[in-house]
Amino acid sequence: MGRRYFSQRRVLVTGGAGFLGSHLIDRLLAEGDEVLCVDNLFTGSKSNIAHLHANPRFEFLRHDICFPLFVEVDQIYNLACPASPIHYQHDPVQTTKVSVLGSINMLGLAKRLGCSILQASTSEVYGDPAQHPQTESYWGNVNPIGLRSCYDEGKRCAETLFFDYHRRHGLDIKVARIFNTYGPRMHPADGRVVSNFIMQALSGADITIFGDGLQTRSFCYVDDLIEGFLKLAATPDEVTGPINLGNPVEFTMLELAELVIELTGSSSSIAYEPLPSDDPTQRRPDISLARDILDWEPRIELREGLEKTIAYFRRLSN
């Protein structure tokens, strides 16, 4: 069960200065845990964790998990990896390295400490899915040599490593497959559709839709996703996942753009551009396992979540 010399848990969050990582750390600290935040700040930001530095149970370490890390903790959440196409395609070799070498290093640490480790995997392991909605048993439809492959195949390989460590060494693993998530602390230039649309709307620029705008995504507010993380991490050892975490309600890109224009009061028009290579036309999770095993499902509707996210980006722009 790890160190547990004291009643207070010490939790390692890699990628902790990122969008999801910083929200996870907020929740862990609120639960009374000590948290070691590890991030190399490639896409993470010190501003996401600036409010935590006065907390005596919080510690930040700048480190790249492609290199071994020697610390003493009771639990690991492995979130380190660029997660938007703009960022992960900037240095695709490094993106693959952080998924593969980073996972090997974190799994080795968990094995040495005898602690549980949760992997933040992704719906991108399904590629451009031929199954809709996507269940965890679906093996996916992934291009192994495309522009997105560094991320898609890196995350698929990470899952392989997690399950091999589980089978070979009896390691307590949890694998969460994250679908589109949004909320405050998203990087304003990460190229994701929600942040793109909001930033364009707030500046009065044209809102860029790729393709015909009829491709769909499902959007999960960050607070709901973090609740799913915590519920999955608290399951018995025999629950490994993978488990889909996301919102099963689908929206077209055109519907999202129109809602963002309405909520921002923007005068932006919609501009259409060609669809990027390997961009999935449909993406929606089947969350039956999350409902049954974790008693979890999203509760925050898109309109409410967008209002909170728009308020954050307004403050950022001022």
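A residue counts as buried when its relative accessible area is under 20%, as exposed when that area is over 50%, and as partly exposed in between, with a 1.4 Å probe and protein chains only. By that definition Gly183, with a relative accessible area of 0%, is buried.

Before I continue, a word on the model. It is a predicted model, in which local features need pLDDT of at least 70 and side-chain atom pairs count only at pLDDT 80 or more, whereas totals for chains, interfaces and linings use all residues. Residues are numbered from 1 along each chain as its sequence is written, and side-chain values use heavy atoms, with hydrogens and water left out.

Let me return to Gly183. This glycine lies in the loop between β7 and α6; helices (H or I, at least four residues) and strands (E, at least two) are DSSP runs, numbered from the N terminus. Which residues does Gly183 contact, leaving aside its neighbours within four places in sequence? They are Phe19, Tyr221, Val222 and Thr309, where contact means heavy atoms within 4.5 Å. Thr309 is 126 residues from Gly183 along the chain, yet the two C-alpha atoms are separated by 4.9 Å.

Arg185 has a positive phi of about 80° although it is not a glycine, and at 18% relative accessibility it counts as buried. A second case is Asp295, with a positive phi of about 55°. Asp295 is found in the loop between α9 (288-294) and α10 (302-317). Is Asp295 buried or exposed? Its relative accessible area is 58%, so Asp295 is exposed.

As background, most residues other than glycine have a negative phi, and most peptide bonds are trans.

I turn now to the interior. A nonpolar core is a set of buried Ala, Val, Leu, Ile, Met, Phe, Trp, Tyr and Cys residues joined through side-chain atoms within 4.5 Å. The largest such core has 60 residues, and those touching the most other members are Leu24, Tyr77, Val194, Phe229, Leu245, Leu256 and Leu306. A second, separate core of 30 residues includes Leu12, Val98, Ile117 and Cys150. For Leu245, the residues touched beyond four places in sequence include Ile178, Phe179, Leu225, Phe229, Leu294 and Trp296.

Two buried polar residues come next. Ser218 belongs to strand β9 (residues 216-218) and, at 1% relative accessibility, counts as buried. A polar atom of the Ser218 side chain lies 2.9 Å from the backbone oxygen of Asn247. Beyond four places in sequence, the contacts of Ser218 include Asn247, Val249, Arg283 and Arg284.

Gln75 lies in strand β4 (residues 75-78) and is buried, with a relative accessible area of 5%. Its side chain makes a polar contact with the side chain of Arg9, at 2.7 Å. A polar contact is a pair of N or O atoms within 3.5 Å; within protein, one must be able to donate a hydrogen and the other to accept it, and residues adjacent in sequence count only if both atoms are side-chain atoms. Not counting residues up to four places away in sequence, Gln75 also touches Val11, Leu12 and Cys115, among others.

Finally, the cavity. On a 1 Å grid over the protein atoms alone, a cavity is a set of points where a 1.4 Å probe fits but cannot get out, and lining residues have an atom within 4 Å of a point. The structure holds 1 cavity of 30 Å³ or more, and the largest cavity has a volume of about 30 Å³, a volume being the space filled by probe spheres set on the points. Which element gives the largest share of its lining? That element is α4, with 3 residues. Among the lining residues are Asn78, Val98, Ser103, Gln119 and Lys155. By class, the lining has 5 nonpolar, 4 polar and 1 charged residues; Ala, Val, Leu, Ile, Met, Phe, Trp, Tyr, Cys and Pro count as nonpolar, Asp, Glu, Lys and Arg as charged, and the others, Gly among them, as polar.

Methods:
On a 1 Å grid over the protein atoms alone, a cavity is a set of points where a 1.4 Å probe fits but cannot get out, and a pocket is an open set with protein on both sides within 12 Å along at least five of seven lines; lining residues have an atom within 4 Å of a point.
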